[in-house]
Amino acid sequence: MQTSQPNNTETMTDPVIKKMHNHVHWAKDIQQKGLNILITDDDPMSRTVLSGFIAQSGAKAHEVDNGQAAVEYCQSNPVDLVLMDLDMPKMNGFDATHEIKRIKDQFIPVIVVTTYEDETILTKAQAYGADDIVSKPVSHELLLSKINAMIRLKYLYDREKSLVLHLEQKIKERDIANHRLLKMHNDLKRLVEIKTNQLRQKDIELLEMDRITSLYSLAGGMAHEINNPLGFIKSSLDNLKKLVMGQWNDTHNLQDFEKAIRMIMRMDKGVKRIVNIINILKDLSNVSRARHGPLDVNNSIRNAIEVVHSDESNYDIQMALGKIPPINSSPEEINLCLMNIITNARDAVAEKESGIISIKSFYYADNQTIVIQITDNGIGMPEKIMPRVFDPFFTTKPVGKGTGVGLTLAERIVKRHDGHIYLTSKEGQGTTVTVVLPV
Ligand SMILES: Nc1ncnc2c1ncn2[C@@H]1O[C@H](COP(=O)(O)OP(=O)(O)OP(=O)(O)O)[C@@H](O)[C@H]1O
Ligand SMILES: [Mg+2]
């Protein structure tokens, strides 16, 4: 039997025996793997001979008698190799080979076993996908050697396929890991943004508290320092007034008396202004404890001007305050908002020869809102900084002059009232800030 093993080293040196040994070696492989080989032939005699060869080599032989049966068998059973006759009923060997080769994700080697020797027919078989050809009558040794070659090829194909599958799986896993990493990166980025915003918000709150506290201590200190001398000045003035008036009839120097009275009146006005400013500062120090109620915003405008503007200022204030209904707010908050806007306008016209700040207020009945417009003819601002002016700590002013939170606070106060604040400006020409507050 051709599959028996050589048993001495002498015979192994013979090239033919060696070749035989190789076949035996491969045949042993077939045996070990328990391969499934499908024999497709309409001639029962041929099938029996081929089945005998296969059985001897240790593989399992399965038989079908036409091409169509071979295709169907391959589609639903594990098959390692097909031996294919060409001339058969129902479906010939060419078409069956073609169909078997089209089965997805599988490499089933097909060896055509035929009596044809015509080259065109053999070429055609290969064109239809046949991997090899063996002539009938079949030599057992040749058939086994061809089967082994094909099995080796199939083994390589299957190994490569599982490697590819393994690689694809790894790539998929890496993609999933990358995706997760990206998601984590984005989550982290979002978290950092949220935390940064929270910190910025805290910064503003601290700064606002800082301002309020310093205003409070300023107001408290001023009130304490000024109140006593003020009381003294006021009572002295009252006495002086009475005294001057009492001596009116006895004096002959009318001009001096008139002068004295004018001076007293001016002092009286000055004292009233100091009292007013102290009251406003006291109000401002209460922003954090502010209580809402009906508020006349025109009054807040006047108060804010009182603090920011003085007789010595080198610009004019023009006011056109319309009849507006009260809004629900606190004087402390609205004063702080307007003071910041008017202070900016004042800074903007500081270098101007004929600086003008005009302030308008009116009621917009359609929307039930009041509108306050503060316009200056100062330096204006370049277009590129306009989107940033409400940002916390954005300032173009020198260190010590501006902290860059005036408009941030103004915007926050307006928004707290469900209102809006708009800004238009032209560099070198001036700026208008419009505040809209619901009634
Ligand atoms: N009326 C204006 N005219 C020209 N520029 C303005 C005017 N109002 C605001 N700006 C610009 O917007 C910037 C931000 O204003 P904001 O009031 O927030 O801060 P600031 O005035 O610089 O400092 P702070 O108000 O905290 O003392 C200013 O530095 C300035 O460049
Ligand atoms: Mg400012």
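This is a predicted model: local features need pLDDT of at least 70, side-chain atom pairs count only at pLDDT 80 or more; totals for chains, interfaces and linings use all residues.
**Ground rules.** Residues count from 1 along each chain as its sequence is written, and chains are lettered from A and ligands numbered from 1 in the order written. Local features need pLDDT of at least 70, side-chain atom pairs count only at pLDDT 80 or more, totals for chains, interfaces and linings use all residues, and side-chain values use heavy atoms, with hydrogens and water left out.

**Shell.** I looked up what surrounds ligand 1 (a heavy atom within 4 Å) and got 19 residues, the closest being Asn344, Thr395, Thr396, Lys397 and Thr403.

**Polar contacts.** I took pairs of N or O atoms within 3.5 Å. The side chain of Asn344 has an N or O atom 2.8 Å from an oxygen of ligand 1. A polar backbone atom of Leu407 sits 2.9 Å from a ligand oxygen. For Thr431, a polar side-chain atom is 3.3 Å from a ligand nitrogen. I also checked cover: the protein hides 94% of the 590 Å² of accessible area that ligand 1 has on its own (Shrake-Rupley, 1.4 Å probe).

**Pocket.** Ligand 1 takes up the space of the largest pocket. My pocket is an open set of points on a 1 Å grid over the protein atoms alone, where a 1.4 Å probe fits, with protein on both sides within 12 Å along at least five of seven lines; lining residues have an atom within 4 Å of a point. I noted a volume of about 970 Å³ (space filled by probe spheres set on the points). There are 38 lining residues, with Asn340, Thr343, Asn344, Asp347 and Lys397 closest to the centre.

Technical notes. A polar contact is a pair of N or O atoms within 3.5 Å; within protein, one must be able to donate a hydrogen and the other to accept it, and residues adjacent in sequence count only if both atoms are side-chain atoms. A molecule sits in a cavity or pocket if more than half of its atoms lie within 2 Å of its grid points.
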